[in-house]
Amino acid sequence: MEILKNYNLSKLNTFGVNVEAKFFVEVKTEKDLKELFKMEEFSARGGSASGGKNIPIMFLGGGSNVLFTKDFDGIVVLNKLKGMEVIGEDSENVYIRSMGGEYWNDLVMLAVNSGYWGIENLAFIPGTVGAAPIQNIGAYGLELKDVLFNVETFEIETGKMNKKKIFSKEECELGYRDSIFKNKFKNKYFISAVTLKLSKKPARHATHPDAGGEKKIYPALKDYLEKNKIEIKSPKDISDAVKLIRQSKLPDPKIIGNVGSFFKNVFIEREQLQALQINYPEIPYFDNNGMIKIPAAWLVEQCGWKGKKVGNVGIHEKQALILVNYGGATGAEIFELANKIIESVKEKFGMELVPEVNLI
């Protein structure tokens, strides 16, 4: 394990922003992690009596959900823990444990190729397994919380690195693109592994988390399946469809720097929706257990941002939620554009967009 100084992170964030970390290290084993935080420079975080220097820390996975607005004056720890395996099963379910440094889509492919149901809707979401519970990733009507069993972590504090803490799904406090690791415990725990509970039967495939057990195909996915006359026989039928839908809408970050959806969708009360429908009768919405979800992409597009370019940054022509780096943009430029979009949406609709990405 080698700690590097003044390390360039441009290839480790999908926006391709040219920034540096004061310190950088790849963690490939849990032993590496324990040894790292025993070092004088990085131990006793918080300035304890043992002389810690309180160096800021950031855990990085695929770099697909972060915007660096400046150099990072601390240590960036890249999660490279590898390994996936089935650790238990019964007649209906299977439990798959994956180390946090594995790419999320590799885990999805392992599941669908084995005939296991539950994460096929989440195919081709970029990033690592360790980042998935932080964000409670979701797509096409399903979220990680629908299949999560537990999360294995190490607390980043002197004297506690030798003890693993396992969070149950309930303890993770998963919400819409949110979790306890994104708020209360931000940068306090290193996620080393995640265990999912998947199904051997096609129950709930391609469905919303629903009441009454009735299958309800997510609209965009349903339309694609019907248009292309695709019969669902296996979870791979769904994952293949999701892949093609995503590829048709989302730019490849290897070609154009982006992090996927930049903003969260907006939730409002039904009374607010009714007031908006007076001036915007065509406003799209989804009823989510009494709360009304408004697609952020529609709000951004109505404000005239879709396809617009401002210097080195812009909004993708096919998807209004995708902010892109056309080359050479700084994180500050991207952040400035995001703020202009937020201001325009608030002025026009009275709603405040919230970034889905982590701002550093």
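This is a predicted model: local features need pLDDT of at least 70, side-chain atom pairs count only at pLDDT 80 or more; totals for chains, interfaces and linings use all residues.
Me: In helix α4, which residues are buried, and on which side of the helix do they lie?
Reply: Helix α4 spans residues 219–227, and the buried residues there are Leu221, Tyr224 and Leu225. Because they cover an arc of only 95 degrees around the axis, they lie on the same side of α4. An α-helix has 3.6 residues a turn, so residues three or four places apart point the same way. The buried residues, placed on the same side of α4, are thus Leu221, Tyr224 and Leu225.

Me: At what angle do the axes of α2 and α5 cross, and is the crossing left-handed or right-handed?
Reply: Helix α2 covers residues 104–113 and helix α5 covers residues 235–249, and their axes come within 8 Å. The axes cross at roughly 145 degrees, and the crossing of α2 and α5 is left-handed.

Me: Which residues make the contact between α2 and α5, and how many of each class are there?
Reply: From α2 the contact is made by Met109, Val112 and Asn113, while α5 contributes Pro235, Lys236 and Ser239. Sorted by class, the contact of α2 with α5 has three nonpolar, two polar and one charged residues.

Me: Is Val324 buried or exposed, and what is its relative accessible area?
Reply: Val324 is placed in strand β18, which runs over residues 323–325. Leaving out residues up to four places away in sequence, Val324 touches a set of residues that includes Phe15, Pro251, Ile256 and His316. Because buried means under 20% relative accessible area, Val324 counts as buried, with a value of 1%.

Me: How is Glu333 classed by accessibility?
Reply: Glu333 lies in helix α8, residues 331–349, and, setting aside neighbours within four places in sequence, Glu333 is in contact with Asn312, Val313 and Gly328. Since the class between buried, under 20%, and exposed, over 50%, is called partly exposed, a relative accessibility of 27% makes Glu333 partly exposed.

Me: Which backbone atom does the side chain of Glu333 reach, and at what distance?
Reply: The side chain of Glu333, a residue of helix α8, reaches a backbone nitrogen that belongs to Thr330. A pair of N or O atoms must lie within 3.5 Å to count as a polar contact, and the distance from the side chain of Glu333 to the backbone nitrogen of Thr330 is 2.9 Å.

Conventions. Residues are numbered from 1 along each chain as its sequence is written. Side-chain values use heavy atoms; hydrogens and water are left out. Axes are lines fitted to C-alpha atoms, for helices over the stretch in contact, and angles run from 0 to 180 degrees between N-to-C directions. Helices (H or I, at least four residues) and strands (E, at least two) are DSSP runs, numbered from the N terminus. A crossing is left-handed if the near helix is turned anticlockwise from the far one by less than a right angle, and right-handed if clockwise. Contact means heavy atoms within 4.5 Å. Ala, Val, Leu, Ile, Met, Phe, Trp, Tyr, Cys and Pro count as nonpolar, Asp, Glu, Lys and Arg as charged, and the others, Gly among them, as polar. Buried means under 20% relative accessible area, exposed over 50%, partly exposed in between (1.4 Å probe, protein chains only). A polar contact is a pair of N or O atoms within 3.5 Å; within protein, one must be able to donate a hydrogen and the other to accept it, and residues adjacent in sequence count only if both atoms are side-chain atoms. The arc is that of the directions from the helix axis to the C-beta atoms.
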